[in-house]
Amino acid sequence: MSSSMSGSPIDGGTRSPLQLVTEWLSTTDVRITVAGNVDMCTAQQLSDYVFRRAGNCKLLTLDMTRVTFFDCAGFSALANIDERCQQANVTWMIQAAPCMSRVVNICDPFNELPMASGGQFESACA
């Protein structure tokens, strides 16, 4: 299976608060890798990028395992992406970084976002 990639480099290159890379795994399956800070300064950039790069997919994987900071604006971006995916009948999943646990647990107490871990996080202090 071939894949095509586009976006900012995750390792090396210029350092920006948010780095995004798209990898098409097939004609309908896409993985977007997110690294860095997802906050009020970068949340709109994240959602715009996802809408632009994953527009024709049927399966979206949002790999956020390299996110180093995540706040409520980031959660709002994910909720917006979730709503758009539901409207477009796109199946999607979030692979979350440990730093996302507190915000997601507070903002999504009913585990409505499609977290790869089922919405359950291990304690960040453990």
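Is Asn111 buried, partly exposed or exposed? Select Asn111 and have a look: with a relative accessible area of 32%, Asn111 is partly exposed. Here buried means under 20% relative accessible area, exposed means over 50%, and partly exposed is in between, using a 1.4 Å probe and protein chains only.

A quick word before moving on. This is a predicted model, in which local features need pLDDT of at least 70 and side-chain atom pairs count only at pLDDT 80 or more, while totals for chains, interfaces and linings use all residues. Residues are numbered from 1 along each chain as its sequence is written, and side-chain values use heavy atoms, with hydrogens and water left out.

**The overview**

Switch to a cartoon view. Helices (H or I, at least four residues) and strands (E, at least two) are DSSP runs, numbered from the N terminus. The protein has 126 residues, of which 40% count as buried. Among contacts with a separation of 6 or more, 58% are between residues 24 or more positions apart; contact means heavy atoms within 4.5 Å.

Now select Asn89, in the loop between H2 and strand S5 (91-96). Asn89 is not a glycine, yet it has a positive phi of about 55°. At 63% relative accessibility, Asn89 counts as exposed.

**A pair of helices**

Next, colour helix H1 (residues 43-53) and helix H2 (residues 72-87). They pack at an angle of about 20°, with their axes 8 Å apart. The axes are lines fitted to C-alpha atoms, for helices over the stretch in contact, and angles run from 0 to 180 degrees between N-to-C directions. H1 and H2 are therefore roughly parallel, a label for angles under 35 degrees.

Show the side chains where the two meet. From H1 you get Ala43, Leu46, Ser47, Val50 and Phe51; from H2 come Ala73, Gly74, Ala77, Asn80, Ile81 and Arg84. By class, that contact has 7 nonpolar, 3 polar and 1 charged residues. Ala, Val, Leu, Ile, Met, Phe, Trp, Tyr, Cys and Pro count as nonpolar, Asp, Glu, Lys and Arg as charged, and the others, Gly among them, as polar.

**Leu60 and its surroundings**

Select Leu60 in strand S4 (residues 59-70). Leu60 counts as buried, at 1% relative accessibility. Leaving aside neighbours within four places in sequence, its contacts include Val30, Ile32, Val50, Ile81, Trp92 and Met93. Try the distance tool on Leu60 and Met93: they are 33 residues apart along the chain, with C-alpha atoms separated by 6.5 Å.

**The salt bridge**

How many salt bridges does a search of the whole structure find? There is 1. Zoom in on Glu23 and Arg31, whose side chains meet at 2.9 Å, N to O. A salt bridge is a side-chain nitrogen of Lys or Arg within 4 Å of a carboxyl oxygen of Asp or Glu. Glu23 is buried at 17% relative accessible area, whereas Arg31 is partly exposed at 26%.

**Last stop**

Finish at Arg102, in helix H3 (residues 101-107). Arg102 is exposed, with a relative accessible area of 64%. Arg102 and Phe70 are 32 residues apart in sequence and 9.2 Å apart in space, C-alpha to C-alpha.

Terms used:
Parallel < 35°, antiparallel > 145°, perpendicular 65-115°, else oblique.
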